[in-house]
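Please look at the sequence and the model first.

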Amino acid sequence: FRSPGFANYTWFTSQGYGLSVAAQSLVILGVFHRDLTRGTLLLCLGLLLFGLRYTGFFLYRQRRIKSPGKRSETRKRSRMSTTETAGSWICASLLYLCMVSPVYYRLYNLEETDIFTLLGFLVMITGILLETFADLQKDAAAKRNPDRLLRTGLYAFVRCPGCLGEI
């Protein structure tokens, strides 16, 4: 038996990423429901939104790929040894945990909502919007001309606006 992360590395680093962040936000909401402040509630909701948006767009994009050749290319590229996959799995899992650790920290230390929490939420929402608009622009451009490099909209200013939004 192999988990989806070992069967297809792409699933782990895309669907697993989004679902992991969303699930962790739900766990925080459930476990710390008595200790939540407005700020930590906003941060958890932002993480949930990020995770669901990321996973949703990945699933949408996967359904759009109609060419069996493209699907098999993805499968070939995603084959890694068990050791490589396990190492990547561990590193990615630590990254996912680091993404939600500020919320755990604030709750563990009973931190109240302050300007830094609100600024963090604003940065999070800005990043989610940037990723969303970048994905929509890239998707629309790929429908018009899939072989052309995108140089309009957000892509006129930043080569990878989706990655910038994720940072």
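## Overall make-up

The model is predicted. Of the 167 residues, 34% count as buried.

## Helices α3 and α6

Helix α3 covers residues 38–64 and helix α6 covers residues 115–144. Their axes come within 9 Å and cross at roughly 10 degrees. Angles under 35 degrees count as roughly parallel, and α3 and α6 are therefore roughly parallel to each other. The residues of their contact divide into 13 nonpolar, six polar and six charged.

G39 lies in helix α3. With a relative accessibility of 1%, G39 counts as buried. The C-alpha atom of G39 is 9.3 Å from that of G120, although 81 residues separate the two along the chain.

## Salt bridges

Side chains of opposite charge can pair when their charged atoms come close. In the whole structure, a search finds four salt bridges. One of them joins R53 and D135, whose closest N and O atoms are 2.8 Å apart. This pair links distant parts of the chain, with R53 in helix α3 and D135 in helix α6, 82 residues apart. Both R53 and D135 are buried.

Another salt bridge forms between the side chains of R106 and D114, at 3.3 Å from N to O. Here R106 is buried at 13% relative accessibility, whereas D114 is partly exposed at 27%. The side chains of K143 and D139 also meet in a salt bridge, at 3.7 Å from N to O. K143 and D139 are four residues apart in helix α6, which means that about one helical turn separates them. K143 is exposed, with 55% relative accessibility, while D139 is buried, with a relative accessible area of 9%. Elsewhere, salt bridges that share partners join R53, E131 and D135 into one network.

## A nonpolar surface patch

Which residues form a nonpolar patch on the surface? They are I115, F116, L118, L119 and L122, and together they have about 520 Å² of accessible area.

Notes:
Residues numbered from 1 in each chain as written. Predicted model: local features only at pLDDT ≥ 70, side-chain atom pairs only at ≥ 80, totals over all residues. Heavy atoms only, no water. Axes fitted to C-alpha atoms, helices over the stretch in contact; angles between N-to-C directions. Helix = DSSP H or I, 4+ residues; strand = E, 2+ residues; numbered from the N terminus. Parallel < 35°, antiparallel > 145°, perpendicular 65-115°, else oblique. Nonpolar A, V, L, I, M, F, W, Y, C, P; charged D, E, K, R; others polar. Patch = residues over 30% accessible without salt bridge, like charges linked within 9 Å, V, L, I, M, F, W, Y side chains within 5 Å. Areas by Shrake-Rupley, 256 points an atom, 1.4 Å probe, with all protein chains shown as cover. Buried < 20%, exposed > 50% of the residue type's maximum accessible area, 1.4 Å probe, protein only.
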